[in-house]
Amino acid sequence: MLEFVNFYLIPGLVLGSIYTLGAIGVSLLFGILRFAHFAHGDMMTLGAYIALSFVIVSGWPAIAVVPFAMAATAAIAVGIDHFFYRPLRKGRTIVIVIASFGIALMIRSAVQFFWGVQIESYQTGIQRPLIFFDSLRIAERHIYMVVGAIVLVAMLHLFLSRTRTGKAMRAMSDNPSLAAITGVSHTQIIAWTWVIGAGLAAAAGVFLGMDTQLTGTMGWNLLLPVFAAAILGGIGKPYGAIAGGMVIGVAEELSSYPWLSDAPLLAPSYKTGVAFAIMVALLIWRPAGLFSGRVFR
Amino acid sequence: MSDSLFGLMMYAVALLTMGGIYAVLCLGLNIQWGFTGLFNAGIAGFFAIGAYSSALLTAPPTPNHVGGFDLPIPVGLAAAMLFSGIVAYAVGRICLRLRSDYLAMATIGIAEILRLILKNEAWLTNGSRGISNIPRPFEGLPAPQAQFAFLAVVLVIVLFVYVLIQRGAHAPWGRVMRAIRDDDIAASAVGKDVEQLRLQSFVFGSMVMGLGGALMAHSFKFIGPEATEPLLTTFLVWVMLIAGGSGNNRGAVLGAIVIWTIWSSTEVFINATISWGWVPQAWATQGAFLRVFLIGLVLQIVLQRYAKGLLPERTVEISGRARAAAPRAQPESAD
C-alpha cells in the first residue's frame with residue numbers, strides 16, 4: 001500500500017499538476033482563439049530554460065524564479081502572437097494551426113541554439129525525500145510543485161471569477177459575438193489569454209525541470225498528454241482542465257503498477273503512450289470531454 | 001572531368017535522390033490535404049510503417065529482429081504500401097469524422113504510439129539500434145553508376161506516382177475530393193458518400209507515404225526510430241507542400257526539391273563557414289538548430305505572404321453559362 005502511494009500515486013499527482021498547468025492554457029486558447037496551439041509544449045521548454053538562466057544569475061532555487069520565468073515567457077508569447085498568429089487570424093483557423101507547428105520548432109531550435117543541447121538541471125546532488133509518519137516519502141521539490149500549482153490555480157480562479165477582464169474572457173470563450181457587442185475588446189482579451197496561457201506553461205516547464213531534467217524536447221513530449229488533459233476536461237473549460245490534468249497524470253503513473261500480477265500492468269516505457277491512447281479514445285467517443293465542453297466542427 | 005566538378009555533380013545526384021523521395025511523401029500528403037483537406041499530422045507514422053515493413057522483408061536474415069526475409073526490393077515496396085494502407089484504413093475508419101485540429105492531434109498521437117512500439121519492441125525491430133544492411137537497388141554497380149541508377153529508380157517512382165495522382169485529380173474522383181474539401185455538407189447533399197471518399201483519399205495518400213518511407217530506408221540502407229521523429233518527416237513534408245502549392249501536384253514535387261535543397265545546402269553552408277574559420281567550431285552543433293529555425297521561418301513567411309505556394313492550385317474555368325446559373329461565390333468563411 002505504501003509502495004503504491006510513494007512510487008505511483010504521489011508521482012502521478014505531481015505529473016498531474018504539471019499537466020494541469022499546461023492544459024489550462026491549451027483549453028483557454030482553444031476556447032478564445034479557436035485553434036489547437038501546437039507550440040504550447042515548446043513554450044513550457046522555453047519557460048524552463050528562462051528559469052535556468054535566472055537560477056544561474058541569481059543563485060536562487062528554481063521555485064523562487066517561477067514568477068520571473070512566467071513573466072518573460074508571457075511577454076515572448078504576446079510577441080509571437082503579434083508577429084506570427086495575428087496576421088493569419090483573418091483566414092482559416094487551420095492555417096494558424098500549421099503556423100503553430102512551425103512556431104513549436106522555431107522555439108525549440110532557438111532554445112537549443114541559445115542554451116545548447118547538453119542536459120541541464122536546476123540543482124545538482126541527490127536530494128533525500130522527507131519522511132512523514134515513518135513511511136510516507138515525499139521529495140521536498142514535489143511539495144513545492146504541488147503547492148505552487150495549487151496557488152497558481154487559485155489565482156487563476158480569482159482572476160476568472162472576480163476581475164472584469166477574467167469575466168470578459170469567459171464571456172468571449174462562451175460566445176464571441178455576444179461578448180463583442182457588449183463592448184469586450186477582442187485584442188485586449190487575446191493578449192490576456194496569451195499572458196495567462198504562456199505564464200502557466202512556463203510554470204509547468206519549470207516544475208517539470210525541477211522534477212526531472214531540462215532537455216530541448218521536454219515540452220514537446222508533454223504536448224500530447226496536455227492536449228489529452230484539455231480534451232478530457234472539455235475544451236474551453238479551464239476548471240475541467242484541472243481534473244483532466246490530474247486524471248491523465250495519475251493514469252500514466254498507475255498504468256505501470258502491478259495490478260494483476262507481479263509484473264507491471266504496462267511496461268514503464270509505454271507510460272507516455274497511455275495519455276495518447278486516452279486522447280485518441282476520447283476524440284473518437286467523447287470529443288466533448290467528461291464535463292461536456294464545446295466541440296468545434 | 002575535374003574532381004571538384006565531379007564532386008558537385010555527385011552532390012546534385014544525392015540532392016535529387018533525397019528530393020525525389022521527399023516528393024513522393026509530399027505527393028502523398030497532397031492527396032490528403034491538397035485535394036481532400038484532411039489534416040494528417042502523423043506522416044511520420046505511415047513513413048515508419050512503410051520503411052520498417054520494406055526493411056524487414058528485404059534485409060538478410062539476422063537474429064537481431066524478425067526476419068529479414070531477404071525478399072526482392074519490389075516485394076518490399078509493395079508490402080510497404082499494403083501495410084501502410086491497412087493501418088491507414090483502421091486509423092481512418094475511426095478518426096476521419098474529427099474536425100481538422102482534432103484529426104491532427106489524433107494522427108500525431110497514433111504516430112507517437114507507433115514510435116514507442118518501434119523503439120521498445122526490440123524482438124520485432126531491434127529497438128533503438130534499428131535495422132541495418134537493408135539492400136539498395138543497383139548497389140552492386142561501381143561507384144558513380146550505382147548512384148545514378150538509384151536516382152533513376154527514385155525518379156521513375158516519382159513520375160509513376162505523379163501521373164497516377166494527376167490522372168486521379170483530373171478525373172471525377174478528384175473533383176469529388178475537392179468538393180469535399182471545399183464544402184463537405186454540399187458534397188453530401190448531392191449524394192456523395194463523404195465518409196467513404198475521405199477514407200479512400202486517406203488510405204491512398206498513406207500508401208504513397210509508406211512507399212516514400214520504404215524508399216528512404218533503402219536509400220540509407222538503415223532505419224531506426226530516430227528517423228521517424230516528427231521533425232524530419234512530418235514537419236518538413238508539410239513545409240514542402242505548403243511552399244510548393246497544396247492542391248497542385250507539380251507544386252508538391254517542386255516544393256519537395258526546393259525545400260530539401262534549402263535544408264541541405266544550409267548544412268553545407270554552415271560547415272563551410274566553419275571550415276573557413278568565419279564562425280567558431282563550437283557552433284557546429286548549434287548550427288543545425290539554426291537550420292530548423294530557418295525552415296520554421298520560411299513556413300511563416302510562406303503562410304503570411306505566399307499562402308498559395310510557388311505553383312498555386314489551378315482552378316477549373318467554369319463556362320459562361322454555368323457561371324451565370326451558379327449562385328455568386330460566397331467569401332470564404334472564418335473557419
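This is a predicted model: local features need pLDDT of at least 70, side-chain atom pairs count only at pLDDT 80 or more; totals for chains, interfaces and linings use all residues.

Me: Where do B:Lys221 and B:Glu139 lie in chain B?

Reply: Both sit in loops: B:Lys221 in the one between α9 (194-220) and α10 (231-244), B:Glu139 in the one between α5 (122-125) and α6 (143-170), so the pair ties together parts 82 residues apart in sequence.

Me: What does B:Arg181 meet in a salt bridge?

Reply: B:Glu313, at 3.2 Å from N to O. B:Arg181 is in helix α7 (residues 172-182) of chain B and B:Glu313 is in the loop between α12 (283-305) and α13 (320-325), so this pair ties together parts 132 residues apart in sequence. B:Arg181 has 23% relative accessibility, which counts as partly exposed, and B:Glu313 is partly exposed as well, with 24%.

Me: Which residues do salt bridges with shared partners join into one network?

Reply: B:Glu112, B:Arg115 and B:Glu229.

Me: OK, how many salt bridges does the structure hold over all chains?

Reply: Nine. One in chain A is between A:Arg108 and A:Asp42, 3.5 Å from N to O. That pair links helix α4 (residues 93-115), which carries A:Arg108, to helix α2 (residues 40-58), which carries A:Asp42, and the two residues are 66 apart.

Me: How accessible is A:Arg108?

Reply: A:Arg108 has 11% relative accessibility, so it counts as buried, the cut-off being under 20%. A:Asp42 is buried at 0%.

Me: What area is buried between the chains?

Reply: About 4100 Å², with carbon and sulfur atoms giving 73% of that. On the chain A side, A:Ile98, A:Phe113 and A:Tyr270 lose the most area to chain B, together 16% of what that side buries.

Me: Now rings. How many aromatic pairs turn up over all chains?

Reply: 17 in the whole structure. One of them is A:Phe30 with B:Tyr102, stacked at 5.8 Å centre to centre with 25° between the planes. A:Phe30 is in helix α1 (residues 2-33) of chain A and B:Tyr102 in helix α4 (residues 100-120) of chain B, so that pair joins two chains. A:Phe30 is buried at 0% relative accessible area, and B:Tyr102 counts as buried at 2%.

Me: Why does the pair of A:Phe38 and A:Phe101 count as stacked?

Reply: Their ring centres are 4.5 Å apart and their planes meet at 15°, so the pair is stacked. A:Phe38 is in the loop between α1 and α2 of chain A while A:Phe101 is in helix α4, so parts 63 residues apart in sequence are tied together.

Me: Which aromatic cluster are they in?

Reply: One formed by A:Phe38, A:Phe101, A:Phe227, B:Trp33, B:Phe39 and B:Trp238.

Key:
Residues are numbered from 1 along each chain as its sequence is written. Chains are lettered from A and ligands numbered from 1 in the order in which they are written. Side-chain values use heavy atoms; hydrogens and water are left out. A salt bridge is a side-chain nitrogen of Lys or Arg within 4 Å of a carboxyl oxygen of Asp or Glu. Helices (H or I, at least four residues) and strands (E, at least two) are DSSP runs, numbered from the N terminus. Buried means under 20% relative accessible area, exposed over 50%, partly exposed in between (1.4 Å probe, protein chains only). Buried area is the accessible area (1.4 Å probe) that two parts lose on being put together, summed over both. Rings of Phe, Tyr and Trp (its six-membered ring) pair if their centres lie within 6.5 Å; planes under 30 degrees apart count as stacked, over 60 as edge-to-face and the rest as tilted.
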